[in-house]
Amino acid sequence: DSASALATATWRIVIVHYAAVGARQTCLTALEQQMAPEDEILVVDNQGSPAVAALVSGVAQARLFTPGRNLGYGAGNNLAAATARGRYLMILNPDVAPRPAFLRHMAAALDGLPELALVTAALLLPDGRVNALGNNVTYAGIRTCRCLGKRHVSGGVYPVTAISGAAFAPRRSASSDA
């Protein structure tokens, strides 16, 4: 059942870092407060910053990847995701501050709707208004943040045209869960 699936959830959360460290502490602390013992944060430091290494060393469930050069966002995510084993995979920007139960809600969406290929989170601005509830895509291929600046109403799962790359969880195939 869904409750037992959540109880045994294992997250691998990939965070690609480059430049300023400030918000990263908030992100890691928020994740630590909701992670299960078997969960892991995989941090890719595209800059090779001693400050990032020190920050990650203070998080028991974090592993640091230092590729020695700036791989960029996509390749950095791929580097860590290739090593990730677990039931769930999350790609998360380092300046996202997950709210309590964030991981539980994302797992519930994946478990409750097995036809979904991936889920994305509601992203809010510091004042609580919407940054993105997924993205809209025009016929010309231009992406815009869905509901940008509007008041956020909590709850629910709804279809979106495109996900936000700042916080999403792709469905893992059975072969990658080894």
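Biologist: In what order do the six strands form the open sheet, and what is the pairing?

Modeller: The order is 3-2-1-4-10-5, and the pairing is mixed. Strands here are DSSP runs of E with at least two residues, helices are runs of H or I with at least four, and both are numbered from the N terminus. This is a predicted model, where local features need pLDDT of at least 70, side-chain atom pairs count only at pLDDT 80 or more, and totals for chains, interfaces and linings use all residues. Residues are numbered from 1 along each chain as its sequence is written, and side-chain values use heavy atoms, leaving out hydrogens and water.

Biologist: What makes strand 3 and strand 5 edge strands?

Modeller: Strand 3 (62–65) and strand 5 (118–120) each pair on one side only.

Biologist: How do you know that strand 4 pairs with strand 10?

Modeller: Pairing requires that DSSP finds at least two bridges between the strands. Two bridges join strand 4 (residues 88–92) to strand 10 (residues 167–170), so these antiparallel strands count as paired. Ile91 has Phe168 in strand 10 as its bridge partner.

Biologist: Nice! Which strands does helix 5 touch?

Modeller: Helix 5 (residues 102–112) packs on the sheet and touches strand 1, strand 4, strand 5 and strand 10. Contact means heavy atoms within 4.5 Å.

Biologist: Why is His152 called buried?

Modeller: Buried means under 20% relative accessible area, exposed over 50%, and partly exposed in between, using a 1.4 Å probe and protein chains only. His152 has 18%, so it is buried. His152 lies in the loop between strand 9 (143–145) and strand 10, and among the residues it touches are Ala122, Leu124 and Val130.

Methods:
Axes fitted to C-alpha atoms, helices over the stretch in contact; angles between N-to-C directions. Lists of a residue's contacts leave out its neighbours within four places in sequence.
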